[in-house]
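Let's take a walk through a protein model together. Have the viewer ready, and keep the sequence beside it as you read.

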Amino acid sequence: MFQIRIYTLRSPEALQQYATVHWARHLATFTTFGVTTHGVWTERSDDANRLVALIGYPLGADPEQVTRQVMSSPEFAADMAGFDVDEIVDVQSILLDPTSFSPIH
């Protein structure tokens, strides 16, 4: 199962810090919990400060449970150290199941 996560940040500066420092740290943390990062992008728009990530969960995993485990871990706390989470003004997530012809499963 895949998930698209869309984070809206308060400012371009917050987006830059979150993307290049803190989300980059998540790659190793997610691997510890069996979560694969397939891509991370920032939106190209003058009025949007969004980071979009495509992640994959292990077969049979409950994404909500895995997310709770990750977010309550000391690794995640270390990833976020030095970042004011109030700079994240919205998070959206969309669960996706690949079609039989999808290039990634």
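Over residues 3–103, the chain is 37% helix and 30% strand, and the end C-alpha atoms sit 16 Å apart. Helices here are DSSP runs (H or I, at least four residues), strands are runs of E with at least two, and both are numbered from the N terminus.

A quick word on the ground rules. This is a predicted model, where local features need pLDDT of at least 70 and side-chain atom pairs count only at pLDDT 80 or more, while totals for chains, interfaces and linings use all residues. Residues are numbered from 1 along each chain as its sequence is written, and side-chain values use heavy atoms, with hydrogens and water left out.

Now find helix 1, residues 12–32. Just after helix 1, Gly34 takes a positive phi of about 80°.

Which residues of helix 1 are buried? They are Ala14, Leu15, Tyr18, Ala19, His22, Trp23, His26, Thr29 and Phe30. Buried means under 20% relative accessible area, exposed means over 50%, and partly exposed is in between (1.4 Å probe, protein chains only). An α-helix has 3.6 residues a turn, so residues three or four places apart point the same way. The cover over the buried residues of helix 1 includes strand 1 (2–9), strand 2 (36–42), strand 3 (50–56), helix 2 (63–71), helix 3 (74–80) and strand 4 (88–96).

Let's zoom in on Trp23, which lies in helix 1. Trp23 counts as buried because its relative accessibility is 1%. Leaving out residues up to four places away in sequence, Trp23 touches Tyr7, Tyr18, Phe30, Thr37, Val40, Leu51, Ala53 and Ile55; contact means heavy atoms within 4.5 Å. Val40 is 17 residues from Trp23 along the chain, and their C-alpha atoms are 8.6 Å apart.

Trp23 also belongs to an aromatic cluster, together with Tyr7, Tyr18, Phe30 and Phe83. Searching the whole structure turns up 4 aromatic pairs. Rings of Phe, Tyr and Trp (its six-membered ring) pair if their centres lie within 6.5 Å; planes under 30 degrees apart count as stacked, over 60 as edge-to-face and the rest as tilted.

Next, slide along helix 1 to Thr29. Is Thr29 buried or exposed? Thr29 is buried, because its relative accessible area is 5%. Beyond its neighbours within four places in sequence, Thr29 is in contact with Val70, Ser73, Glu75, Phe76 and Asp79. The side chains of Thr29 and Asp79 are joined by a polar contact of 2.8 Å. Such a contact is a pair of N or O atoms within 3.5 Å; within protein, one must be able to donate a hydrogen and the other to accept it, and residues adjacent in sequence count only if both atoms are side-chain atoms.

Finally, look at Leu27 and Ala28, also in helix 1. Leu27 is partly exposed, at 39% relative accessibility, whereas Ala28 is exposed, at 55%. Leu27 and Thr37 are 10 residues apart in sequence, with 6.6 Å between their C-alpha atoms.

Conventions. Expected span 1.5 Å × (residues − 1).
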